[in-house]
Amino acid sequence: MPVLKFRVYWEEDESVYRDIAIKPTQTFLQFHQAILQAFEFDAKHKATFFRSNDNWQRGREIILEMDRTPRKVEPLLMAETPIGAAVKDPNQKFIYLYDFAKNWSFLVELIGVSKEENIKIVYPVCVRKEGLAPSQYGTKGLVGDKLVEMEEKYDLNKEGMDEDGFGEEGEDDASSDQQEELGAEDDLMF
């Protein structure tokens, strides 16, 4: 069975994205759950997908649960709609909205199709993570292995740093005595 690979961009910052591989027979509900897991969001809020064109205009809606919101076209249900039924072209796009109060918005784009699934993998699966996921509630604390990842990425333990994390780059070679003299001269000028 083929596998579809989607790139899910956070709309606020396209350098933050997750690539998710999913079978065409799997549902939008499974895709929704995979996106939440990939971005470390909880599943407490409503969500919806929209089919989209190349200009990111919203098309037919695929909703989490039926509601009474009037729409021009009857929406599809995530649990009943397989991904493959909504993919109409090789660059298919969707818009994914989560938590309507906070309006988390993600742009979803089909970026690849594999002819065969890997029998060792349970789909859907996040196959690539780029960028630090946005914090669903407030600020995200850096603890445990996340802090280690940040230190490796930005090399925070680099030699030549003082205890506050500031380096010596840009400082002149003047000794502290010379700097004190310069400060005394400045005081006389005022």
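Threonine 81 touches Gln26, Thr27, Phe28, Ile62 and Leu76, leaving out residues up to four places away in sequence; contact denotes heavy atoms within 4.5 Å. The model is predicted, with local features requiring pLDDT of at least 70 and side-chain atom pairs pLDDT 80 or more, whereas totals for chains, interfaces and linings use all residues. Residues are numbered from 1 along each chain as its sequence is written, and side-chain values use heavy atoms, without hydrogens and water.

**Threonine 81**
- Threonine 81 lies in the loop between strand 5 (76-77) and helix 2; helices (H or I, at least four residues) and strands (E, at least two) are DSSP runs numbered from the N terminus.
- Threonine 81 counts as buried because its relative accessibility is 6%, where buried means under 20% relative accessible area, exposed over 50% and partly exposed in between (1.4 Å probe, protein chains only).
- Its side chain reaches the backbone oxygen of leucine 77 at 2.7 Å.

**Nonpolar cores**
- The largest nonpolar core has 29 residues, of which Phe6, Phe28, Phe31, Phe49 and Tyr96 touch the most other members; such a core is a set of buried Ala, Val, Leu, Ile, Met, Phe, Trp, Tyr and Cys residues joined through side-chain atoms within 4.5 Å.
- Helix 1 gives the most to this core, namely six residues.
- Apart from this core lies another of six residues, including Tyr17, Phe50, Leu97 and Leu107.

- Phe28, Phe31, His32, Ala34, Ile35, Leu36 and Ala38 are the buried residues of helix 1.
- Beyond neighbours within four places in sequence, phenylalanine 28 contacts Phe49, Ile62, Met78, Thr81, Pro82, Ile83, Ala86 and Phe94.

Definitions and conventions: Polar contact = N/O pair within 3.5 Å; in protein donor to acceptor, adjacent residues only side chain to side chain.
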